[in-house]
Amino acid sequence: MELDAKIPDGPLAEKWDRHRFELKLVNPANKRKHRVIVVGTGLAGASAAATMAELGYLVDCFCFQDSPRRAHSIAAQGGINAAKNYQNDGDSIFRLFYDTVKGGDFRSREANVYRLAQVSLNIIDQCVAQGVPFAREYGGHLANRSFGGAQVSRTFYARGQTGQQLLLGAYQALEKQIGAGTVRMYPRHEMLDLVLIDGKARGIVTRDLVSGQLDCRAADAVVLATGGYSNAFYLSTNAKGCNVTAIWRAFRRGAGFANPCFTQIHPTSIPPAGDHQSKLTLMSESLRNDGRIWVPQKKGDTRPANQISEAERDYYLERIYPSFGNLAPRDISSRRAKEAVDEGKGVGPSGIGVYLDFRDPIKRLGRQVIADRYGNLFDMYQNITGENPYEVPMRIYPAPHYTMGGLWVDYNLMSTIPGLHIIGEANFSDHGANRLGASALMQGLADGYFIIPLTIGDYLARERPEPVDTDHPEFAAVEGQVRKRLTSLLEVDGTRSVREFHRELGSILWEYCGMERSEAGLRKALDRIPALREEYWNDVRVPGSAADLNQSLEYAGRVADFMEFAELMCMDALDRDESCGAHFRVEHQTTEGEAKRNDEEFAYTAVWEYAGSDNAPELHKEPLTFDNVPLSQRSYK
Ligand SMILES: Cc1cc2nc3c(=O)[nH]c(=O)nc-3n(C[C@H](O)[C@H](O)[C@H](O)COP(=O)(O)OP(=O)(O)OC[C@H]3O[C@@H](n4cnc5c(N)ncnc54)[C@H](O)[C@@H]3O)c2cc1C
């Protein structure tokens with residue numbers, strides 16, 4: 001597998017402009033001769049499909065929800081970063097670039113991150129032009145707040161519904177193209193495999209989730225915008241449908257999988273309430289702008305929060321990280337919360353939780369200001385816990401949330417399979433080993449609105465793909481494999497539900513490949529996962545048939561892929577014998593308990609190549625160089 005990142009030459013700040021000039025163009029009249037498949041209608045997919053169609057390409061767009069605007073992006077709450085410097089607080093493109101490289105603990109590609117920071121400016125203009133109702137100051141300027149890992153306010157937001165409002169903007173643009181006939185939209189269709197012809201991505205096989213029918217779709221290029229895989233952990237803040245299937249199937253067809261073990265645990269989720277819970281709910285990081293995180297000083301202190309005096313409280317983030325305080329990055333804040341709970345200082349009925357307290361900001365600013373800023377999040381919290389966060393502190397605890405790993409892409413967002421492009425959370429992205437808050441929406445929209453529409457043209461102009469249609473025998477062959485797999489799942493006819501298996505897989509991952517990892521634990525996981533997978537294929541019970549709507553079958557296919565993928569995640573975590581960002585190997589920590597990198601040996605992106613179901617995947621390395629942000633131990637003190 002060759003890993004040519006195709007990073008343009010020249011000074012950092014000029015690379016993207018230069019590259020844009022050097023990209024080959026497709027003549028406007030020729031664009032309508034090219035069909036592109038886009039799988040996914042979240043912020044990345046919807047913006048890409050709409051923009052490519054606006055440029056003149058013909059687009060086939062797929063999602064498994066009943067409407068494109070139900071993609072998981074709609075759940076994003078807190079905001080989107082951009083280096084506009086509206087606050088005049090010292091922000092700049094370089095500072096956003098710097099914060100992102102540092103926040104990712106030096107495991108991302110400088111050139112990509114710089115481009116992301118540059119494009120962030122255009123995203124806000126684009127969204128405002130579409131009518132996205134960002135919060136505004138009294139004078140009309142767009143308002144900003146702060147997110148973790150930054151000392152400036154650069155996060156644009158629409159109350160606690162930023163993802164929803166941004167997605168409505170992208171969705172309207174998509175609908176316009178659907179109306180114009182340039183996008184053919186296929187909701188409730190799941191991509192179950194990728195079709196390669198002569199080594200290039202030329203189509204997909206989909207299942208109509210209502211009728212059960214399998215179909216082949218051909219195109220000149222394929223774009224996957226299928227989101228992240230945190231649901232491998234079973235409990236996560238993601239929508240229940242989020243899964244790894246599309247990118248895992250592409251991996252099995254030859255696309256390199258980068259840094260699968262880089263998964264982000266978010267510090268501010270509502271703690272789990274019991275064994276039967278199927279999902280966790282995020283309380284946005286934006287709450288850390290005003291809320292103060294604390295635990296009782298004394299172990300096992302079960303008194304109600306309002307009976308614990310100021311002197312008996314430990315505002316541990318403010319104490320340990322005085323410069324960043326409650327806005328320390330997610331990986332660090334999560335680990336500190338776990339540490340407090342492990343020490344026996346956890347709060348709430350289970351003792352698994354820390355407080356996020358608004359008593360002081362309410363006193364300082366008044367209840368109305370807090371309600372204006374976070375009202376819908378407070379309502380959500382109250383609906384779920386029955387506690388009123390205006391009166392008692394919220395209880396929060398870390399939860400699986402975002403995946404920095406994903407399919408490897410070059411600077412043009414193309415995977416190791418020619419013609420297969422990956423955007424949004426599905427690619428290994430620009431966030432290194434830890435994503436900063438409000439940077440996922442930025443990356444998804446940068447990819448979709450501003451990067452892929454140009455780089456796909458370059459691919460098509462250089463490649464000039466031969467016409468193919470679904471009569472090509474490769475389509476029938478892949479469709480046959482998909483059908484066989486569905487039938488095999490139904491034929492197991494075992495005794496245990498898919499959910500039971502998923503929950504067990506999730507608990508293995510959480511215990512051994514979650515917030516903390518160790519060699520011994522990862523080896524245990526690598527022992528247990530193949531055994532669980534074998535049991536799955538011998539004892540899973542999938543009712544119904546493949547010939548109509550069957551949500552158990554959909555779920556069974558996704559969990560079957562998680563079962564394979566989980567092993568790769570643990571292999572990657574074992575191979576990376578260092579700590580960096582969210583990947584915390586207990587063997588490697590500083591005297592202060594922070595992640596200790598080993599740049600000599602591990603300053604690379606790990607890219608795994610599928611080598612068949614009976615062989616271990618092969619590891620390739622893309623070396624990372626840091627010419628503009630000097631490698632250093634991160635400090636948020
Ligand atoms: C609760 C929550 C809050 C968040 N808040 C923020 C925030 O405030 N700021 C921020 O920057 N980030 C936030 N994030 C992260 C951010 O929301 C996501 O990273 C981002 O929305 C992902 O967008 P996407 O377009 O890549 O994928 P998604 O929005 O996940 O879309 C995936 C799409 O792919 C489709 N799909 C997937 N697989 C298949 C398949 N096999 N066949 C067909 N279709 C398929 C789905 O139908 C869907 O349309 C948050 C995440 C969570 C969980």
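This is a predicted model: local features need pLDDT of at least 70, side-chain atom pairs count only at pLDDT 80 or more; totals for chains, interfaces and linings use all residues.
Let me begin with the pairing of strand 10, residues 257-258, with strand 16, where two bridges join the pair and the strands run antiparallel.

Let me turn now to helix 11, which covers residues 367-385 and which I would ask you to follow on the screen. Were it straight, a helix of 19 residues would span 27 Å at 1.5 Å a residue, yet the end C-alpha atoms of helix 11 span only 20 Å. Where does helix 11 bend? The bend is at tyrosine 374, and it amounts to about 85°. Tyr374 is also among the buried residues of this helix, together with Ile370, Ala371, Gly375, Asn376, Leu377, Phe378 and Tyr381. Those buried residues pack against helix 10, residues 359-365, and against strand 15, residues 394-403. Just after helix 11 comes glycine 386, which takes a positive phi of about 75°.

A further site to look at is valine 39, which lies in strand 1, residues 35-39. Is valine 39 buried or exposed? With a relative accessible area of 6%, valine 39 is buried. If we leave aside the neighbours within four places in sequence, valine 39 is in contact with Phe62, Met191, Ile204, Val223, Leu224, Ala225 and Thr226. Valine 39 and isoleucine 422 are separated by 383 residues in sequence, whereas their C-alpha atoms are 9.6 Å apart in space.

Finally, the chain as a whole, which has 17 helices and 21 strands. Its radius of gyration is 24 Å, close to the 26 Å that the globule rule gives for 637 residues, so the chain is as compact as a globular protein of that length. Along the principal axes, the C-alpha atoms fill a box of roughly 75 × 60 × 50 Å. Of the 637 residues, 61% are buried, and among contacts with a separation of 6 or more, 74% are between residues 24 or more positions apart. The accessible surface comes to about 23700 Å², and carbon and sulfur atoms account for 47% of that area.

Terms used
Residues are numbered from 1 along each chain as its sequence is written. Side-chain values use heavy atoms; hydrogens and water are left out. Helices (H or I, at least four residues) and strands (E, at least two) are DSSP runs, numbered from the N terminus. The expected span of a helix is 1.5 Å times one less than its number of residues. The bend at a residue is the angle between axes fitted to the seven residues ending there and the seven starting there. Buried means under 20% relative accessible area, exposed over 50%, partly exposed in between (1.4 Å probe, protein chains only). Contact means heavy atoms within 4.5 Å. The radius of gyration is taken over C-alpha atoms; the globule rule is 2.2 Å times the number of residues to the power 0.38. Accessible areas come from the Shrake-Rupley method with a 1.4 Å probe; for residues, only the protein chains shown count as cover. Two strands pair if DSSP finds at least two bridges between them.
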